[in-house]
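Hello,

Here is the structure you were waiting for. My notes follow below it.

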Amino acid sequence: MQLFTDQRRLPTYVEDFVWALFQIMQRRSRGIFHFCGKDALSPYEIGLAVAQHLSLNASLLAPVTAAQLPQPARRPPQTFFDLTKAQQTFGYNPTSFAE
């Protein structure tokens, strides 16, 4: 499996996202809130961590750059969100990827 090394994401723990949705519904909040994880990782780094955690063969993961692997749609090198509003409104504190 080929995974990008030159793009970064903020993976979100599903229970954090469910918690966030509950907060919005419970408070009947309006507007746009960004919820995501706090650890900026490349898809390749994510793949390595998952392989290690599940005791899978990480050598099956191949590091590539976006230039090496054409995509149907270009993605920005970083897809980050600003968590300030969620942190101030709800006290949002995302779970780390390692946790």
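Leaving aside its neighbours within four places in sequence, which residues is Asp16 in contact with (heavy atoms within 4.5 Å)? They are Tyr92, Pro94 and Thr95.

First, the basis. This is a predicted model, where local features need pLDDT of at least 70 and side-chain atom pairs count only at pLDDT 80 or more, while totals for chains, interfaces and linings use all residues. Residues are numbered from 1 along each chain as its sequence is written, and side-chain values use heavy atoms, with hydrogens and water left out.

Asp16 sits in helix 1, residues 14–27 (helices are DSSP runs of H or I, at least four residues, numbered from the N terminus).

Helix 1 buries Asp16, Ala20 and Gln23. These residues lie on the same side of helix 1, because they cover an arc of only 60 degrees around the axis (taken from the directions from the helix axis to the C-beta atoms). Helix 3 (84–90) is part of what covers them. The face turned away from the buried side carries Val14, Glu15, Val18, Met25 and Gln26, which are exposed (over 50%). After helix 1 comes Arg28, with a positive phi near 55 degrees.

Best wishes

Terms used: Helices (H or I, at least four residues) and strands (E, at least two) are DSSP runs, numbered from the N terminus. Contact means heavy atoms within 4.5 Å. Buried means under 20% relative accessible area, exposed over 50%, partly exposed in between (1.4 Å probe, protein chains only).
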